[in-house]
Amino acid sequence: MKKILKLLPLSCAATLAFLFIAPSAALAERPNIIHIMADDMGWRDAGIYGSETFHTPNIDRLAEK
C-alpha cells in the first residue's frame with residue numbers, strides 16, 4: 001500500500017503535465033492515452049507472456065496491437 005501511495009502523486013503529476021504541456025495538439029487531435037496501474041503484477045503474469053494462472057484477455061488484446 002505504501003508503494004501505491006508513493007506512486008500516485010507522481011502518476012497524477014505526469015498526467016497533468018502532459019495535459020498542460022501540449023494544449024494546442026489536444027485541440028487539433030485528441031490523443032489516445034491509456035494508463036494502467038496494476039498492483040503486484042509481474043511481467044509474466046499477463047496471458048500474452050505465458051501465464052496460465054491469470055487470465056488477462058483485455059491486457060492481451062492491448063499488447064497485441
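**Surface, helices and a loop contact in a predicted model**

The accessible surface of the protein comes to about 6,200 Å², and carbon and sulfur atoms account for 62% of that. Accessible areas here come from the Shrake-Rupley method with a 1.4 Å probe, and for residues only the protein chains shown count as cover. This is a predicted model, with local features needing pLDDT of at least 70 and side-chain atom pairs counting only at pLDDT 80 or more, while totals for chains, interfaces and linings use all residues. Residues are numbered from 1 along each chain as its sequence is written, and side-chain values use heavy atoms, with hydrogens and water left out.

How confident is the predictor? The score to look at is pLDDT, the predictor's confidence in each residue, from 0 to 100. Its mean over the protein is 78, with 86% of residues at 70 or more. Confidence is lowest in helix α2 (residues 23-28), where the mean is 58, and highest in helix α3 (residues 57-64), where the mean is 86.

As for the overall fold, there are three helices and zero strands, so going by DSSP runs (H or I of at least four residues for helices, E of at least two for strands, numbered from the N terminus), the protein reads α-α-α along the sequence.

Leu16, Phe18, Leu19, Phe20 and Ile33 make a nonpolar surface patch of about 550 Å². To join a patch, a residue needs over 30% relative accessible area and no salt bridge; nonpolar side chains (Val, Leu, Ile, Met, Phe, Trp, Tyr) are joined within 5 Å, and like charges within 9 Å. A salt bridge, for the record, is a side-chain nitrogen of Lys or Arg within 4 Å of a carboxyl oxygen of Asp or Glu. Phe20 sits in helix α1 (residues 2-21) and is exposed, at 66% relative accessible area. Leu19 is also placed in helix α1, but is partly exposed at 48%. The C-alpha atoms of Leu19 and Pro31 are 9.9 Å apart, although twelve residues separate them along the chain.

The loop between α2 and α3 holds Thr56, which is buried with a relative accessible area of 15%. Its side chain reaches the backbone nitrogen of Gly47 at 2.8 Å. Beyond neighbours within four places in sequence, Thr56 is in contact (heavy atoms within 4.5 Å) with Met41, Asp45, Ala46 and Gly47.

Gly47 is found in that loop between α2 and α3 too, and is partly exposed at 27%. Apart from residues up to four places away, Gly47 touches Phe54, Thr56 and Asp60. Between Gly47 and Pro57, ten residues apart in sequence, the C-alpha to C-alpha distance is 7.2 Å.

Terms used:
Buried means under 20% relative accessible area, exposed over 50%, partly exposed in between (1.4 Å probe, protein chains only). A polar contact is a pair of N or O atoms within 3.5 Å; within protein, one must be able to donate a hydrogen and the other to accept it, and residues adjacent in sequence count only if both atoms are side-chain atoms.
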